[in-house]
Amino acid sequence: MTPAADTPAFVPRVAAASLSGESDAAWARAAAPHVGCAVLGGIALDEPTREAARELVERDRDEFLPEDPLGFVDDELAALADAPLRPAFNVRAAGPDPVAEAAEVCARHDAIIEVNAHCRQDEMCAAGAGQSLLSDTERLAAQVRAASEAGATVSVKCRTEVPGVDLPAVCRRAHAAGAALLHVDAMDSEGAVAAVAAACPDAVVVANNGVRDRRTVREYLSYGADAVSVGRPSDRPEVLRRVRAAVTEWFDESAPAGRPTAADGGGDR
């Protein structure tokens, strides 16, 4: 799918970010009045990441572990067919082939596939997924390329403050491989969003971490983010309502100026 400049990836420019074991279709529907996108998952696609997820469950973390991961992705997205938002699915895999298969499913539903280069749990990193991909740009690019060639719009979820990782350079490589969106968990380095935005001016930069109100929204958008996402409070309508109002105010104030964005040519939902 060809990126279309000056078209937001979703409207309103607020996403509900995935929460492992919690972000399903019901969760997305509850957020729908306030967001333009809901990122379901994450879902472990292959045996190395599924084994890692089982180990995480054993130490009391929530994980989706359906018998058929692709069937789960298909069913959850189908349940959102009439929802007033654009769905996305956060996926974890050790290699590109399972990501390509999941991307085909996402493409059928006009959903974004989000490659997880974010999870920092030791088990998932040891499996070759999550944050470990930030230190291996060849493998990250291979997953992004596989998803893009399968016909889906691709996002990469990443994080700042990973030792030895030049995040703007990693994001440039991911964007060149086909990632239209870069979903940046800023941790405690909010200004890093500006560096990613400068490095990838044609990508959609979605800023995450601590997004709660007008002040935090305006801080991230002033750094050049095209959209923001809400994590833990995504089940709190009052937070989502505040964030949506702040984003709408910002882009009403800024139009028609602002960074160009890129999204798949199918338009907004």
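## Charges and surface

The mean positions of the 27 positive and 43 negative charges of the protein lie 5 Å apart, where Lys and Arg count as positive, Asp and Glu as negative, and His and the chain ends are not counted. The protein exposes about 10500 Å², of which carbon and sulfur atoms supply 48%, the areas coming from the Shrake-Rupley method with a 1.4 Å probe.

## Basis of the model

This is a predicted model, in which local features need pLDDT of at least 70 and side-chain atom pairs count only at pLDDT 80 or more, while totals for chains, interfaces and linings use all residues. Residues are numbered from 1 along each chain as its sequence is written, and side-chain values use heavy atoms, with hydrogens and water left out.

## Overall form

Ten helices and eight strands are found in the protein, these being DSSP runs (H or I, at least four residues, for helices; E, at least two, for strands) numbered from the N terminus. Along its principal axes the C-alpha trace spans about 50 × 40 × 35 Å.

## Interior

Buried residues (under 20% relative accessible area, 1.4 Å probe, protein chains only) make up 57% of the 269 residues.

Definitions and conventions: Buried < 20%, exposed > 50% of the residue type's maximum accessible area, 1.4 Å probe, protein only. Charge placed at Lys NZ, Arg CZ, Asp CG, Glu CD.
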